[in-house]
Amino acid sequence: MALTTGSQVPRRLLPRLRIVRASVVTATAQVSGRFPRLRLSRRTLATLCGLVVAAAAVFAVGEVYLRVAPPGDLAPYLAESDRTGPFRDDLKYGVQYRSLESLAADNPRLNPYLPLLNNPHAPPTWAFFGNSFTQAPGMLADTSRQFVPQRMIFNLGKNEPLPVRLAQAEFLLDSGLKPERIFLVVTPLDVYFFAEHGLDQYHVTSGGALAYTPRLPPVGSKAVQHSRLALKGWTRTKLHLNQPFFHSSAICNRVESVMRADIRTLFTHFAEVTAKHRVPVTLILLPNYEQVCRNAKFVVQDVLMEDARAVGFDVCDVREPFCSWSNKPELFIPDKHFSVTGNRLLLAEILAHLKQIDPKAADLPNPAVVHP
Amino acid sequence: MNSTLSDSSNPRHLRLFCGEFFVYCFGNGVPVSFEQKPFLMLFAVVFVWWWLIRRRERSAVALLLSASLLFYAYNHWFLLPILLAYCVVNWFVAIRTERAIRPRAWMLLGVVFNLVALCYYKYTPLLVQTVAELGPGVIPTLPPNAFEKWSIPYGISFYAFTGIAYMVDVYRKTTPAEANFWRYSLSACFFPHLVAGPILRPQEFLDKVRPGQLPSEPEAPGEAAWLIARGFFKKLVVADRIGVTIDPFFAHVSDPTTAGVWALPYVWLYALQIYFDFSAYTDMARGFGLLFGYRWPENFDRPYLAASITDFWRRWHMTLSRFLRDYLYISLGGNRHGKFRTYLNLMLTMLLGGLWHGASWAFLVWGGLHGAFLILHRLWSGSPIAEWLNARTGWIHYVWHGVAVVITFHGVCLAWCFFRLTRFADSLICVRKWVECDAAKMWTGPWTDSAMWLALVLYAGLAWSAELLRRKAAESSPPVAIGAVWGVRFATLALAALLAPTGANAAFIYFQF
């Protein structure tokens, strides 16, 4: 292998090139000696060396890139990162808020209610805990404010996984929130999130951010734990998820046992908390677009109903009025949230349900007024 | 909250190696793209099959044509008749043009067909909605979302122009008509260049599909590997990451949520995103073409280093600007009829070029801006100041060159505001936010995301080192350097796959044209 190949190599580099050449020759001889049947030529081995070294260099640069600037989709799976948050570890829900101030900082929608937490003259409060079907503008909470002036409607404004939502509810109850009733609004997608991250995967970084422990591969787990490039590659396969082969569209048809176990655990803990505070809980089971308009099954609602009733929750299942609506697409907006009609139908069913089970609901509006 | 669940279920038992591809074919609603699994699976199968039969020309033509039609019809089988109609008409018209007594009439017939079909599919909603807005009584009131389900066939802008170029070249006798319909169709439909170019001349592709000319070996597999790896990296790691960063700003540019935000960094980033996105597609298309033995022209030559808008159009989407020059600008008279006519031809060419990009008046404005810039540059070039500056050497030359590059880049960015934001009002707001902003918000926001800027630096480093190694390997062919070149190529491809954002990748920007 010529050192000077016609290109002008600076003299000061020649000694280093000689060292590199000697190393390659030595390595070539060692490989040939250890694997006499291999009989690779020196040229081939030199090419392979070049290939390996260059590839390793590129991967090393990639590793450095991920360590210096981890992208947003990788950050939740890092044991430690620069991310900060309002949480601390919790054995029951996986996460819990450090303080009321941190909860308020993370949820600006809480601030207007804070004086009411200790206000004895506030009207009876309905506390809604749900995803965007509850707290997005124009959705259930806003519809309730419009049609149920007899109640103070309490809701936060961020989408959170179900464990975080229940942690919020417990924290607020312990901090003085005294609702007449808690409404836990659940859609099939909330249950699907357990397919992505099981309860045992939740943990909190030292900065207070919510993170998830990825499921590790059977082979190469050490690489995934110590190399960000390997971790990124592992997350690209989606095998780091709790149930990697569980597609979101299957949630209507089945709920895996590990997912159900997590839900039961959460419901059990939450039932203890609400019993301690003597606050009744109504689990509102919302159907999704596929269930209403495409005749998908209601397996997830059946499972939730059974588990909720087992711990003493009241359940309001609105599938029947939605599925029997004459113009079903009218109940949804293009992004498959409920429309004004859908929200009014939902609220009417909730009111009708409450009037059947709760004597305190006597002062509530007639559901027929709300019904679209 | 992403409450949008998939519309159809993918039964688990169908997720076999080949089955998954067919489930995607008939059960999914997403167009196939180079970086998606269905395309990669199809490509692997087609390439291996082609490798086995590559010396049998007829079989190779049949295979590649079938694969191309399958690629195009991926969950859009209803668009296939349109593509086939183009092939039939263009092929037939070219033959008649070559043999007829009145070739011009046949050529014009073919061009008109291409343009009418293109305009019908692309511009009908725009024209009808514009007329409806101009006068309620002119046409009956349109229901809301009247054109919600109107489909523009993918790639129609590109294969229409490719067909026009072919028929006009046959008319001009710069290329013979291809007598074999299947070979012509392959040149028109070949999947690497079908949807988003490059816009090829017959000499660049059709001539290599003619009998006896079909390549039977890949050309420059090393170069092909690097182009594909580089394309994947540009698209998945750089362009998509920039898109994730800047899309929320453009989605809310007229909202109170972006009040006081400085728009210029987002426009810079969009300029980079569209460059990396489109050049990535071209790289991959050229790379896949090389694997089958076809070498196609470059489409980009460091466009943002252009020192004038005229220079920019020699570096940006070069095959389109070449088409517009040769088949539109020159046909209109070019610069042969005096200054005023030259400027008019320039403006018309750019207006139509803008409209070609999309069915929105904002694209017309984009083209008009570029036309105006071209005219201004011509006027400036003839001025004494410009001549004096261009004659300078030394540091004055370099300073002036740098200033010219910066001015050109920002002129292009100004036009991108209308390209990106198709609502005219939003574009004006975006431009206004170049200068109207809160000082406190200038250096904050998603555009400061270090991961995104580092990705750009990473790409620059990889491209530079790959080029350095390539030159070293080409000069002296030391085996270590050759191995290193291949190592960089494979590792870049792997790195692109690893560093791509998790989740569904954004479609190529130019797929919408």
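Biologist: What percentage of the residues of chain A count as buried?
Modeller: The model is a predicted one. A residue is buried if 20 or more other C-beta atoms lie within 10 Å of its own. Applied to the 372 residues of chain A, this criterion gives a buried share of 39%.

Biologist: Which residues have the most contacts inside the largest nonpolar core?
Modeller: The largest nonpolar core has 231 residues. Those with the most contacts inside it are A:Phe128, A:Val185, A:Ile284 and B:Cys189.

Biologist: With which residues is A:Val185 in contact, leaving aside its neighbours within four places in sequence?
Modeller: A contact requires C-beta atoms within 7 Å. With those sequence neighbours left aside, A:Val185 is in contact with A:Phe128, A:Phe129, A:Gly130, A:Phe133, A:Thr134, A:Leu140, A:Ile284 and A:Leu286.

Biologist: How far apart do the C-alpha centres of domain 1 and domain 2 of chain A lie?
Modeller: Chain A is divided into domain 1, covering 13-69, and domain 2, covering 87-370. Contact between them involves 5 residues of domain 1 of chain A and 4 residues of domain 2 of chain A. On the domain 1 side, the touching residues divide into 2 nonpolar, 1 polar and 2 charged. The C-alpha centres of domain 1 and domain 2 of chain A are separated by 55 Å.

Biologist: Which helix supplies the largest share of the side of chain A that touches chain B?
Modeller: Between the chains, 44 residues of chain A are in contact with 34 residues of chain B. Helix H2 (42-68) and helix H9 (228-237) of chain A each supply at least two residues of the chain A side. By class, that side has 20 nonpolar, 17 polar and 7 charged residues. Its largest share, 17 residues, comes from H2(A).

Biologist: How many nonpolar residues has the contact of H5(B) with H6(B)?
Modeller: Among the residues making this contact are B:Met107, B:Val111 and B:Leu118 of H5(B), together with B:Ile156, B:Ile164 and B:Met167 of H6(B). The contact also has 4 polar and 2 charged residues. Its nonpolar residues number 11.

Terms used: Residues are numbered from 1 along each chain as its sequence is written. Chains are lettered from A and ligands numbered from 1 in the order in which they are written. This is a predicted model: local features need pLDDT of at least 70, side-chain atom pairs count only at pLDDT 80 or more; totals for chains, interfaces and linings use all residues. Domain bounds come from an automatic or database domain assignment. Two residues are in contact if their C-beta atoms, placed from the backbone, lie within 7 Å. Ala, Val, Leu, Ile, Met, Phe, Trp, Tyr, Cys and Pro count as nonpolar, Asp, Glu, Lys and Arg as charged, and the others, Gly among them, as polar. Helices (H or I, at least four residues) and strands (E, at least two) are DSSP runs, numbered from the N terminus. A nonpolar core is a set of buried Ala, Val, Leu, Ile, Met, Phe, Trp, Tyr and Cys residues joined through C-beta atoms within 7 Å. A residue is buried if 20 or more other C-beta atoms lie within 10 Å of its own, exposed if 12 or fewer, and partly exposed in between; C-beta atoms are placed from the backbone.
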